[in-house]
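Here are a few friendly notes to read alongside the model.

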Amino acid sequence: MIEKDLIIIGGGPSGLCAAKTALEAGISVLIIERNEHFGGQLVKQTHKFFGSKEQYAKTRGYDIAQKLLSDLSDFSNLTMLKGATVVGLYSDNVVTALVENKYIRYHANAIIVATGASEKFLAFENNDLPGIYGAGAIQTLMNLYGVLPGNQVVMVGSGNIGLIVSYQLLQAGVKVKAIIEASTKIGGYKVHASKIARLGVPILTSTTVKKAIGETELKAIEIVSLDENWKEIQGTSKVIEVDTLCISVGLTPMHQFLSMVGAQTKYVQELGGFVPVVNEHHQTSVNSIFVCGDAVGIEEASSAMMEGYLTGLYVTEFLNVKHPGYLKETAYYEKQLSMLRDGPFGTKTRVGLEKLKEGYLHAKS
Amino acid sequence: MLNRNGVPSNEQVLSRFPKSNILVRPKAILECYEDIPCNPCETSCPFGAIIIGPNINTQPKLDIQACTGCGICVTSCPGLAIIVAQIKGHEALFKIPYELLPYPNKGDIWHGINRKGDVICDAKIEQTSLNKKQDHTMLVTVSVPVIHLHEFVTIRSKHE
Amino acid sequence: MRIDKHPILEFPKRHVIFFMFEGKEVSGFEGDTIASALHALDVKIFSYSTINHRPRGFYCAIGNCASCKMIVDGMPNVKTCITPLISGMVVERQTNKGVIK
């Protein structure tokens with residue numbers, strides 16, 4: 001059994017930021033990451049980020065990943081494992097993982113789950129045809145492996161991911177025939193939409209995909225218009241020839257192994273689905289287990305980073321270890337997070353977090 | 001329209017343009033029409049001509065007097081929402097961000113495109129700049145007939 | 001098909017890796033996963049569903065959905081989207097729930 005003060009499951013932006021503040025207090029930290037690279041989804045992001053200087057605004061995602069990693073380079077108390085998958089979480093603070101196909105057991109005094117999110121799927125006829133991929137998959141193919149996803153793409157979903165990936169497809173030289181959005185308006189930032197519109201890509205709101213067409217691979221899709229009640233309007237069916245359909249209909253928090261330790265979860269639609277119930281210190285109903293980033297509510301990378309720094313700090317308090325700047329830094333990062341959530345795009349998150357708070361109070365009572 | 005297809009209305013666009021007599025000098029046109037948490041335009045401007053303030057969700061405002069039209073904000077905006085415009089006689093001169101291949105070259109004639117993605121005129125590439133600070137966002141100086149001052153927004157290659 | 005030139009990213013030349021797919025020798029590059037190498041070869045069908053024999057490809061490409069599972073070096077249910085391509089690998093389409101030989 002390998003002993004650590006803190007184990008962080010997930011080496012994406014949230015996990016890396018949590019490691020930094022935790023390490024500043026002098027504790028031993030282990031980060032376990034299942035991919036062959038650290039940085040989570042940041043490594044595929046070729047666009048410049050929003051936010052403020054503190055969240056590396058105007059820096060391209062892959063550069064932010066490098067920056068977060070280099071921030072950790074000076075700490076000797078840090079072990080980072082990549083290509084290692086956590087397979088078990090136990091109530092006596094044991095984490096088990098497959099590391100180079102060997103089963104290794106770890107014990108920690110605190111655990112942070114920073115495992116991010118997975119892509120939602122959409123139900124329609126023949127949605128299992130090859131040629132239909134999640135938006136993240138398309139990004140991975142293009143930006144990590146340099147492989148073209150297809151000749152022509154239709155993007156389903158006009159949230160930030162759908163809009164950004166459409167732009168990245170155009171940058172890779174792939175034709176985007178249309179972005180279709182079931183709701184009456186575009187979900188993401190309008191600047192992303194304007195960028196796409198001027199490149200000649202039509203954005204079709206109140207439209208959804210009804211059926212995928214093809215024998216062995218996607219050849220075309222049938223789209224229909226929707227009324228205000230999300231019901232198909234008869235007679236609006238259209239067939240678009242396309243070999244690649246990209247589904248970008250949202251993310252849902254990923255934290256399956258929390259159920260192994262009985263951590264309470266609650267369905268909060270605004271946060272993306274089932275989320276672990278946590279208090280203001282990101283502590284789950286299992287005292288030594290904390291969660292941060294998309295795993296505790298779908299937001300942006302900028303929020304994931306701020307939450308990471310905060311959770312690392314909160315863990316030092318839980319472990320009764322002195323962090324030199326605890327009060328100053330928690331106040332600072334809490335203010336940053338509040339500012340990120342202040343505008344109209346933060347409303348959904350604020351509502352979701354209120355519901356989560358009610359869930360925690362209910363669980364504790 | 002902006003909410004349904006990403007195309008701002010004429011009123012929205014005109015609200016960001018100063019009076020034409022001001023544009024004898026190049027000025028930034030800030031087409032950020034939404035409150036989103038973002039402020040690199042403000043922090044990048046060497047003349048303090050873009051104001052957002054402590055709440056970074058606020059839409060940026062331009063201090064017309066302070067703006068020199070240098071174009072640093074154009075390649076700093078993560079949303080590619082800023083262009084620089086200037087009137088020079090019968091021509092409108094723009095500095096726009098560009099992140100696609102193939103890159104334009106000085107002297108080329110490309111399509112001039114409006115916010116809907118339609119071709120509206122010819123656009124002459126006057127200058128291109130791509131330095132490290134711009135981080136892969138090329139700054140393209142392009143001239144179009146001045147009649148398209150409020151319509152033109154980007155360029156498209158004439159070769160498909 | 002591979003991306004040749006990109007306005008933001010650089011794709012440096014990498015070593016060619018040969019592997020077997022459905023009995024034929026094909027190639028990918030160092031740094032590929034099995035799935036990315038196959039996709040670059042225009043192979044979209046990775047398996048057939050066990051009951052209705054429907055063609056399946058990958059979906060999420062980061063190891064969450066398991067749609068990409070194939071038989072690699074005789075081992076079934078390998079998530080090809082997160083498995084690095086290694087020289088000499090034998091990759092086959094899976095048509096059942098996975099049988100360890």
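1. Let's start with a helix pair. Helix H1 (residues 13-24) and helix H6 (residues 301-318) of chain A pack at about 35 degrees, their axes 7 Å apart. Axes are lines fitted to C-alpha atoms, for helices over the stretch in contact, with angles from 0 to 180 degrees between N-to-C directions. Helices (H or I, at least four residues) and strands (E, at least two) are DSSP runs numbered from the N terminus. The contact of H1(A) with H6(A) divides into 12 nonpolar, 7 polar and 2 charged residues.

2. On provenance, this is a predicted model, in which local features need pLDDT of at least 70 and side-chain atom pairs 80 or more, while totals for chains, interfaces and linings use all residues. Residues are numbered from 1 along each chain as its sequence is written, with chains lettered from A and ligands numbered from 1 in the order written.

3. Now the sheet. Five strands of chain A form an open sheet in the order S8-S15-S9-S10-S11, with parallel pairing (two strands pair if DSSP finds at least two bridges between them). S8 (132-134) and S11 (203-204) of chain A are the edges, each with a single partner strand, so one side of each lacks a neighbour in the sheet. In S11(A), A:Leu204 is the bridge partner of A:Ile180.

4. Finally, the partner chain: 34 residues of chain A are in contact with 35 of chain B (C-beta atoms, placed from the backbone, within 7 Å). H5(A) gives the most to the chain A side, with 8 residues.

Conventions: Contact = placed C-beta atoms within 7 Å. Nonpolar A, V, L, I, M, F, W, Y, C, P; charged D, E, K, R; others polar.
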